[in-house]
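Please open the structure in your viewer and keep the selection tool at hand. This tour tells you what to select and what you will find there.

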Amino acid sequence: MKLITAIIRSYQLDQVRESLIAAGITRITVSRVSGHGAQKREEVYRGKKVIPSLIPKMRVEIAVNDEFVDTTVNAIIEGAKSVSEVEGEIGDGKIFITPLEECIRIRTGEKGSNAI
Amino acid sequence: MLATLAIIMGLGGLMELSAQPGVDSGATAWMITSTALVLLMVPGLAMFYGGLVRSKNVLGTMMHSFAAMGVMSVLWVTVSYSMCFGSSVLGGWFGWNSDYVFLQGIDETIMEGGVPEYVFSMFQGKFAIITPALIAGAFAERVKFRGYLVFITLWGLLVYNPLCHWVWAEDGFLFNMGADGAIDFAGGTVVHISAGVSGLVAAIYLGARRGYPHRQMRPNNLVMVMMGVGLLWVGWFGFNAGSSVSSGLSTAQALTATQVAAAAGALTWILIEGFHQGKMTALGFASGILSGLVAVTPAAGVVQPLGAMVLGALATVICYLMLIVKDKLGYDDSLDAFGIHGVGGIVGAIALTFFIRDSWMANAAEAAGGSWSIWQQLGVQVAAVAIAMAYSIVLTLIILVVVEKLFGLKSTPEEEMQGLDHAYHGERGYGMLNPN
């Protein structure tokens with residue numbers, strides 16, 4: 001079992017969700033976070049260009065069984081990579097994969113792969 | 001010294017007064033207040049619609065209302081006042097009076113009721129703002145901002161102005177239909193039916209939002225929705241009670257009708273909902289307020305409080321049923337511009353016939369030269385509603401096709417997924433509010 005954590009552009013969330021659903025991955029948790037990596041994208045507020053220090057992002061968390069890791073990662077990349085001007089831009093985000101020790105379904109008490 | 005000053009200032013004041021013969025300061029003060037109240041409805045509507053959409057579209061949706069304040073105000077002063085309240089041209093299609101262009105000719109005009117014409121013009125101009133803003137609820141979350149600006153400009157010129165002229169100008173053909181005209185006190189036909197029906201046409205022509213109806217699209221902020229509806233209710237007193245263009249008995253009648261219709265509508269909605277769904281929702285109460293207010297809009301000048309309450313309750317029942325029908329039919333009238341404003345307006349304009357106060361009917365009978373029955377008036381009301389609907393449908397469809405082909409109106413799938421705020425404004429409405 002793996003926990004896949006993706007940090008993506010906030011406005012790409014729907015693309016990523018639709019891409020995941022199309023790939024058959026339907027169980028996700030989403031939260032708003034702030035942060036920055038190498039991104040220095042200028043944004044316009046009230047007509048002024050500002051370079052925000054902490055940039056709003058979305059964190060998408062998905063717990064999957066090992067055989068679904070590649071499908072999930074590919075679906076996230078497909079949805080999160082910007083395609084507007086050039087394919088792939090600084091700020092598109094990152095995906096982290098961590099081993100998942102245990103998973104328990106609260107309703108039934110099931111454990112492990114079946115509970116995911 | 002001080003006394004002399006006071007006398008001079010007093011005289012100055014007197015001279016100023018004598019320079020404006022015929023101004024009824026009471027009526028003028030109320031009309032200015034009403035003008036401000038009707039404008040207050042636009043940010044109220046922005047909050048109502050803004051709270052109902054998903055968080056990525058909140059600013060774009062509020063901008064639909066605010067942009068109308070800019071576009072329609074400029075249009076109004078430029079040509080719209082002339083098109084609405086000038087003398088009929090082109091066989092009565094709309095009005096025209098070159099004196100009204102840029103309001104140049106009314107700089108010193110005091111109208112018959114003792115109200116400066118500027119005040120009347122600005123008051124009427126607010127109705128031209130809120131009407132296209134109402135349509136935006138039907139195609140929320142899926143139109144390009146630039147296309148929207150072009151759309152409301154053309155719609156204001158070609159749909160609102162002619163309708164306003166027909167119903168409210170003294171030589172408009174609906175104003176003179178039947179014995180004493182088609183009854184549309186404050187804009188049931190001109191504002192709500194035209195906006196609702198046009199919204200329905202636009203919603204069907206542009207198609208549904210991505211994922212509708214399978215994906216849940218929850219309101220991002222119901223607190224804002226409630227405040228918005230509260231502002232709308234307050235503003236509606238200007239909308240209805242101001243439409244008497246006076247400050248007297250008819251103002252008081254309209255004011256009372258407005259209050260009780262909204263209250264009856266709201267209570268009816270939560271009662272139906274309580275029996276039907278098991279819980280009485282805040283959004284239901286808000287929707288009931290709106291249904292009641294919309295239904296009493298055409299009727300406020302002619303019905304008594306009991307009639308107004310029945311109208312409010314009746315409109316709510318039919319609007320509630322209409323929302324169920326909408327889900328069955330599957331078209332995406334996103335924020336129920338047609339379901340509430342269109343349907344409520346139609347119910348109000350037609351059903352008001354059965355609650356007209358006797359003195360109005362007596363006047364109408366006199367004007368008709370003997371007798372005038374409610375069935376004859378019903379015919380006039382139905383005809384006016386049918387004409388407004390047919391005209392709105394045809395013209396809106398033409399405008400939609402033109403704007404979509406020439407400027408682009410429907411958002412691309414990418415823009416829709418990113419949300420209007422990012423795609424067209426480059427801004428975000430909220431900080432860390434949970435995404436939905």
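The tour below goes from chain A, across to chain B, and then to single residues. Keep in mind that this is a predicted model.

**Stop 1: chain A as a whole**

Select chain A. It has 2 helices and 6 strands. Follow the chain from the N terminus, and the elements run β-α-β-β-β-β-α-β. How much of chain A is buried? Buried residues make up 21% of its 116 residues. Now think about contacts between residues at least 6 apart in the sequence of chain A: 72% of them join residues at least 24 apart.

**Stop 2: the sheet of chain A**

Show chain A as a cartoon and find the open sheet. In what order do its 4 strands lie? The order is E2-E5-E1-E6, and the pairing is antiparallel. Look at the edges next. E2 and strand E6 (93-99) of chain A stand there, each with a single partner strand, so one side of each has no neighbour in the sheet. From one strand to the next, the twist averages 25°.

Now select E1(A) and E5(A). These antiparallel strands are joined by 8 bridges. Click on A:Ile4: its bridge partner in E5(A) is A:Ile62. Click on A:Arg9: its bridge partner in E5(A) is A:Lys57.

Find A:Ser34, which stands opposite A:Pro56 in E5(A).

**Stop 3: the helices of chain A**

Select H2(A). This helix lies across E1, E5 and E6 of chain A. Its direction is about 5° to E1(A).

Move to helix H1 (residues 13-22) of chain A. Which of its residues are buried? They are A:Leu13, A:Asp14, A:Gln15, A:Val16, A:Arg17 and A:Leu20. What covers them? The cover includes strands E1 (2-9), E2 (29-35) and E5 (55-64) and helix H2 (69-80), from chain A. It also includes helix H14 (413-418) of chain B. Step just past H1(A) to A:Gly24, which takes a positive phi of about 90°.

**Stop 4: where the chains meet**

Show both chains. Here 10 residues of chain B are in contact with 10 residues of chain A. What kinds of residue does chain B bring to this side? By class, there are 3 nonpolar, 5 polar and 2 charged residues.

**Stop 5: chain B as a whole**

Hide chain A and select chain B. It has 15 helices and 2 strands. Its radius of gyration is 22 Å, close to the 22 Å that the globule rule gives for 436 residues, so chain B is as compact as a globular protein of that length. Along the principal axes, its C-alpha atoms fill a box of roughly 70 × 60 × 45 Å. Of the 436 residues, 54% count as buried. Among contacts in chain B between residues at least 6 apart in sequence, 79% join residues at least 24 apart.

**Stop 6: the nonpolar cores**

Nonpolar side chains tend to be buried together in soluble globular proteins. The largest nonpolar core here has 131 residues. Which members touch the most other members? Select B:Leu45, B:Ala261, B:Ala299 and B:Leu311. Helix H2 (residues 25-52) of chain B gives this core its largest share, 14 residues. Apart from this core lies another, of 14 residues, among them A:Val16, A:Leu20, A:Ile76 and A:Ala80.

Zoom in on B:Ala299. Not counting residues up to four places away in sequence, B:Ala299 touches B:Phe185, B:Ala257, B:Ala308, B:Leu311, B:Gly348 and B:Leu352.

**Stop 7**

Select B:Trp233, in helix H7 (residues 222-241) of chain B. Is it buried or exposed? B:Trp233 counts as buried because 21 C-beta neighbours lie inside 10 Å. Leaving aside neighbours within four places in sequence, B:Trp233 is in contact with B:Ala262, B:Ile289 and B:Leu293.

End at B:Trp360, found in helix H12 (residues 358-368) of chain B. B:Trp360 is partly exposed, with 16 other C-beta atoms within 10 Å.

Notes
Residues numbered from 1 in each chain as written. Chains lettered and ligands numbered in written order. Predicted model: local features only at pLDDT ≥ 70, side-chain atom pairs only at ≥ 80, totals over all residues. Contact = placed C-beta atoms within 7 Å. Nonpolar A, V, L, I, M, F, W, Y, C, P; charged D, E, K, R; others polar. Buried ≥ 20, exposed ≤ 12 C-beta atoms within 10 Å, placed from the backbone. Core = buried A, V, L, I, M, F, W, Y, C linked by C-beta atoms within 7 Å. Pairing = 2+ DSSP bridges. Axes fitted to C-alpha atoms, helices over the stretch in contact; angles between N-to-C directions. Rg over C-alpha atoms; globule rule 2.2 N^0.38 Å.
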